[in-house]
Amino acid sequence: MAFDVATLRQDFPILGRLVHGRPLTYLDNAATSQKPQVVIQALVDYYSKGNANVHRGVHLLSEEATQAFERSREVVARFLGLKDSRGCVFVRGATEGINLVAETWGRTHLRAGDEILLTALEHHANIVPWQVAAERSGAKVVVVPVTPRGEVDLDAFRRLLSPRTKLVAFAHVSNALGTVNPAVEMTRLAKTVGATVLIDGCQAAAHFKVDVPALGCDFYAFSGHKTFGPTGIGVLWGRPELLDTLPPYQFGGDMIRKVDFEGTTFREAPERFEAGTPDISGAIALAVALEYFMPRQADAHAHEQKLLAAATERLRAIKGLRLIGEAPEKVAVLSFLIEGGHPHDIGTLLDADGIAIRTGHHCCMPLMKHLGIPGTARASFAFYNSFEEVDRLAVSLEKIRKMMA
Ligand code: PLP
């Protein structure tokens with residue numbers, strides 16, 4: 001499939017809008033991605049032609065909705081490189097997926113004296129659920145440091161692994177710095193001490209092919225809205241045989257086998273973890289997003305790597321601008337500071353030029369503390385971004401730098 005950014009951009013209606021009279025330059029993709037028209041249309045079609053509840057009805061609409069919902073699970077499995085979709089649980093997003101594991105696996109597997117190994121670059125969503133699980137069980141959270149370049153210190157990672165390590169949880173890609181962690185190697189090392197491994201794939205899924213069997217992890221979570229799908233839907237994948245041993249996360253309809261006031265039995269995964277009416281339209285539209293993305297994935301990655309190289313070169317040339325996080329393996333995320341300027345001011349001034357970036361701690365307060373900075377300005381790219389947009393960012397930042405000098 002030919003990869004022509006100008007043509008692809010036409011698939012995303014929002015990219016044609018103006019902001020403060022300027023063409024929108026959307027560089028906040030790590031926060032949420034934009035949606036192609038096919039995804040928007042899938043939501044409209046579902047509600048205008050196919051709305052019905054799933055799994056229960058005998059009427060045609062319900063059967064169609066059930067088929068579409070379950071087909072979406074198959075698409076998700078394909079997206080993650082899986083043959084079997086049974087481990088793919090629909091959740092609200094990565095946050096809910098990680099909470100689900102911390103609550104169900106954590107409650108049944110963590111004991112006093114156990115250790116949960118996290119890295120210093122985690123998003124709060126992959127820290128706080130583990131802190132709570134640790135408090136409840138008497139386990140301890142242990143943190144792997146990050147090097148000044150923004151990479152997980154692998155020597156420290158090796159040193160901190162021990163038979164006490166019951167869980168290792170880490171981001172596939174850092175949302176704040178763009179670092180791609182060596183997930184296969186980290187999982188392999190974690191397995192040498194018998195730890196269970198959860199990978200937070202929130203920032204990886206929109207940038208390169210995720211192959212869960214090759215990773216060798218036990219859990220993998222991602223959010224639909226960062227992967228060109230709607231908000232409110234995401235996926236937690238877990239090894240089906242492991243999921244079946246865990247207690248349910250929530251209780252209600254759809255997840256039960258038999259309810260009796262004498263006692264209730266539960267279904268196996270994935271339904272075991274999908275209590276109540278799910279986000280049917282969200283799951284269907286997510287599948288459309290993934291089917292839109294998958295044939296373009298390899299070219300998208302190559303294009304983004306070129307954008308990253310171009311943007312890094314342009315930003316490095318700006319006097320007083322300091323890039324934060326320069327790992328050799330990165331997705332197209334550039335965190336930076338400008339001497340004499342507060343990140344929020346940089347964000348506001350860029351906005352006046354129609355350029356949307358994110359500023360602050362990026363839900364990574366411990367990482368910011370670790371790096372000794374209050375926050376950063378972060379430009380994060382998607383495959384629909386263009387070299388012209390890199391230029392607009394650099395020109396605007398050069399102007400801002402002069403204002404701040
Ligand atoms: N993990 C990472 C690395 C993220 O970047 C994010 C969102 O920014 C999350 C988890 C949480 O995702 P969500 O808010 O979609 O649940």
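**Close-up views of a predicted chain**

**Figure 1. The whole chain, seen through its contacts.** Let's start with who touches whom: among contacts (heavy atoms within 4.5 Å) with a separation of 6 or more, 71% are between residues 24 or more positions apart. Keep in mind that this is a predicted model, where local features need pLDDT of at least 70 and side-chain atom pairs count only at pLDDT 80 or more, while totals for chains, interfaces and linings use all residues. Residues are numbered from 1 along each chain as its sequence is written, and side-chain values use heavy atoms, with hydrogens and water left out. The chain has 14 helices and 17 strands; these are DSSP runs numbered from the N terminus, with helices being H or I of at least four residues and strands being E of at least two. Its radius of gyration is 22 Å, close to the 22 Å that the globule rule gives for 405 residues, so the chain is as compact as a globular protein of that length. (That radius is taken over C-alpha atoms, and the rule is 2.2 Å times the number of residues to the power 0.38.) Along its principal axes, the C-alpha trace spans about 75 × 55 × 35 Å. Of the 405 residues, 56% count as buried, where buried means under 20% relative accessible area, exposed means over 50%, and partly exposed is in between (1.4 Å probe, protein chains only).

Figure 2. Asn 175 sits in the loop between strand S7 (165-171) and helix H7 (183-192). With 7% relative accessibility, Asn 175 counts as buried. Look for a polar atom of its side chain: the backbone oxygen of His 362 lies 2.9 Å from that atom of Asn 175. Beyond residues up to four places away in sequence, Asn 175 touches several others, including Ala 30, His 123, Gln 203 and Arg 378. His 362 has its own loop, between strand S16 (358-360) and helix H13 (365-371), and counts as buried at 6% relative accessibility.

Figure 3. Asp 28 is in the loop between strand S3 (25-26) and H2. Is Asp 28 buried or exposed? It is buried, with a relative accessible area of 6%. Its side chain joins that of Arg 358 through a polar contact of 3.0 Å. (A polar contact is a pair of N or O atoms within 3.5 Å; within protein, one must be able to donate a hydrogen and the other to accept it, and residues adjacent in sequence count only if both atoms are side-chain atoms.) Asp 28 also makes a side-chain polar contact of 3.5 Å with Arg 378. Leaving aside neighbours within four places in sequence, Asp 28 is in contact with Ala 356, Ile 357, Arg 358, Arg 378 and Ser 380.

**Figure 4. Leu 121, a buried loop residue.** You'll find Leu 121 in the loop between strand S5 (115-119) and helix H5 (128-137). Leu 121 is buried, with a relative accessible area of 0%. Not counting residues up to four places away in sequence, Leu 121 touches, among others, Val 146, Gly 150, Ala 171, Cys 364 and Leu 367.

**Figure 5. Leu 397 in helix H14.** Here the residue lies in a helix, with Leu 397 in H14 (residues 387-404). What is the relative accessible area of Leu 397? It is 0%, and Leu 397 is buried. Leu 397 and Leu 315 are 82 residues apart in sequence and 8.2 Å apart in space, C-alpha to C-alpha. Setting aside neighbours within four places in sequence, the contacts of Leu 397 are Leu 315, Ile 318, Leu 321, Phe 336, Ile 338, Ile 346 and Leu 350.

Figure 6. Most residues other than glycine have a negative phi, and most peptide bonds are trans. His 55 is not a glycine, but has a positive phi of about 70°. His 55 sits in the loop between helix H2 (37-50) and helix H3 (60-79), and is partly exposed at 28% relative accessibility. His 362, also not a glycine, has a positive phi of about 55°. Finally, the peptide bond from Ala 269 to Pro 270 is cis, with omega near 0°. Pro 270 lies in the loop between strand S12 (265-266) and helix H10 (280-293).
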